[in-house]
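Welcome! Take a moment to look over the sequence and the model, and then let us walk through a few of its residues together.

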Amino acid sequence: MENLRKLLQLNLNNHMIEKIEKLDHLTQLRELHLANNCIPKIEGLDCLVHLTVLNLNGNLIETLPAPVFKKLKELQAFHIAHNRIGSVSAQLVSVKLQIKHFSCGIKSIHPLKGVEIQPCSQTAFILELPK
């Protein structure tokens, strides 16, 4: 992928990917779509500082580690529905992301100050975070 340094969008949906890796050279990437794979952990995103859209729907992810998102300051849309996440806490939002759209399929969402929660199905929510 070293030849793709100027790539802005990457769609790797439905490829049985088990780990997010080898994206270090894609420093200009704006959108990363990794839906419907076998990814158990959010990692390998540190160099993607210009990422605005991250789609991890339909994987095996159980937790949303706040430290991973500290470098993703431009992230505006984060999709994590249909994973194994049990809850989302204020710890993730405390990273002070500029996320405008956060969709997840989880059992519970802890109260988050200034966050509007809209159910979009029985097990999914869309969070509209304050600007």
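Let us begin with Leu48, which touches Leu23, Leu26, Leu29, Leu32 and Leu72, leaving aside residues up to four places away in sequence. Please keep in mind that this is a predicted model.

Next comes His33, which sits in strand E2, spanning residues 31–33. Is His33 buried or exposed? With a relative accessibility of 13%, His33 counts as buried, because the cut-off for buried is under 20%. Its neighbours, not counting residues up to four places away in sequence, are Gln9, Leu10, Asn11, Leu12, Asn13, Val53 and Asn55. The His33 side chain also makes a polar contact with the side chain of Glu31, at 2.9 Å.

How many salt bridges does the structure have? The count comes to one: the side chains of Glu43 and Lys41 meet at 4.0 Å, N to O.

| Residue | Relative accessible area | Class |
|---|---|---|
| Cys38 | 21% | partly exposed |
| Cys47 | 33% | partly exposed |
| Glu43 | 23% | partly exposed |

As for disulfides, the structure holds zero.

Terms used:
Residues numbered from 1 in each chain as written. Predicted model: local features only at pLDDT ≥ 70, side-chain atom pairs only at ≥ 80, totals over all residues. Heavy atoms only, no water. Contact = heavy atoms within 4.5 Å. Disulfide = S-S within 2.5 Å. Buried < 20%, exposed > 50% of the residue type's maximum accessible area, 1.4 Å probe, protein only. Helix = DSSP H or I, 4+ residues; strand = E, 2+ residues; numbered from the N terminus. Polar contact = N/O pair within 3.5 Å; in protein donor to acceptor, adjacent residues only side chain to side chain.
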